[in-house]
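Here's a quick briefing on one structure, built around a strand, its sheet and a few side-chain pairs. Have the viewer open while you read.

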Amino acid sequence: QVQLLESGGGLVQPGGSLRLSCAASGSIFTIGVMGWFRQAPGKQRELVATITRGSRKPHYADSVRDRFTISTDNAANTVYLQMDSLRPDDTAVYFCNSITSSGTVWGQGTQVTVSS
């Protein structure tokens, strides 16, 4: 009943910035937590950041804590990931995620490539 649409990925040089967006539609009231995961080639999918929809309390993986910021719009229908000081090892497919009363929902993913 919830659908997620990601945007904002692309190619950026090391040290640059990107802002990812994830727009949720459908039964928004059932969402408790929204977040971002990423999966690099040959590696397991890993948690990047989460935000509780009601309280907007953020959580970050240690590897991105000083560089990334997760936030939502006023209605908490869109989640953003501001990525600064990007490194080549940030290269991955980034997936939006939400935990709802009916289960976990995933977006299709957006590619982020950090390269010179």
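Let's start with strand β8, residues 78–83: 5 of its 6 residues are buried, where buried means under 20% relative accessible area, exposed over 50% and partly exposed in between (1.4 Å probe, protein chains only). Strands here are DSSP runs of E with at least two residues, numbered from the N terminus. Keep in mind that this is a predicted model, in which local features need pLDDT of at least 70 and side-chain atom pairs count only at pLDDT 80 or more, while totals for chains, interfaces and linings use all residues. Residues are numbered from 1 along each chain as its sequence is written, and side-chain values use heavy atoms, with hydrogens and water left out.

**The sheet around β8**

- β8 pairs antiparallel with β3 (residues 18–26) over 6 bridges; two strands pair if DSSP finds at least two bridges between them.
- Put together, 4 strands make an open, antiparallel sheet in the order β1-β3-β8-β7.
- β1 (2–7) and β7 are the edge strands, each pairing on one side only.
- Neighbouring strands of this sheet are turned by 15 degrees against each other on average, direction ignored; the axes are lines fitted to C-alpha atoms, and angles run from 0 to 180 degrees between N-to-C directions.

**The nonpolar core**

- The largest nonpolar core has 30 residues, and Trp36, Leu81, Met83 and Tyr94 have the most contacts inside it. Such a core is a set of buried Ala, Val, Leu, Ile, Met, Phe, Trp, Tyr and Cys residues joined through side-chain atoms within 4.5 Å.
- Strands that each supply at least two residues of this core include β4 (31–39), β5 (46–52), β9 (92–100) and β11 (110–114).
- β3 gives the most, with 4 residues.

- Ile51 is in β5 and counts as buried because its relative accessibility is 3%.
- Beyond its neighbours within four places in sequence, Ile51 is in contact (heavy atoms within 4.5 Å) with residues including Val33, Ile70, Thr72 and Val79.
- Thr110 sits in β11 and is buried too, at 12% relative accessibility.
- The side chain of Thr110 reaches the backbone nitrogen of Gly9 at 3.3 Å.
- Thr110 also touches Leu20 and Tyr94, among others, not counting residues up to four places away in sequence.

**Salt bridges**

- The count comes to 4 salt bridges, each being a side-chain nitrogen of Lys or Arg within 4 Å of a carboxyl oxygen of Asp or Glu.
- Arg38, buried at 6%, meets Glu46 at 2.8 Å, N to O; Glu46 is partly exposed at 30%.
- Arg38 also forms a salt bridge with Asp90, with the closest N and O atoms 2.9 Å apart.
- That pair links distant parts of the chain, as Asp90 is in the loop between β8 and β9 and Arg38 is in β4, 52 residues apart.
- Asp90 is buried, at 0% relative accessible area.
- Arg65 and Asp62 pair up as well, with their closest N and O atoms 2.9 Å apart; Arg65 is partly exposed at 41% and Asp62 is exposed at 67%.
- Salt bridges with shared partners join Arg38, Glu46, Arg67 and Asp90 into one network.

Note on methods. A polar contact is a pair of N or O atoms within 3.5 Å; within protein, one must be able to donate a hydrogen and the other to accept it, and residues adjacent in sequence count only if both atoms are side-chain atoms.
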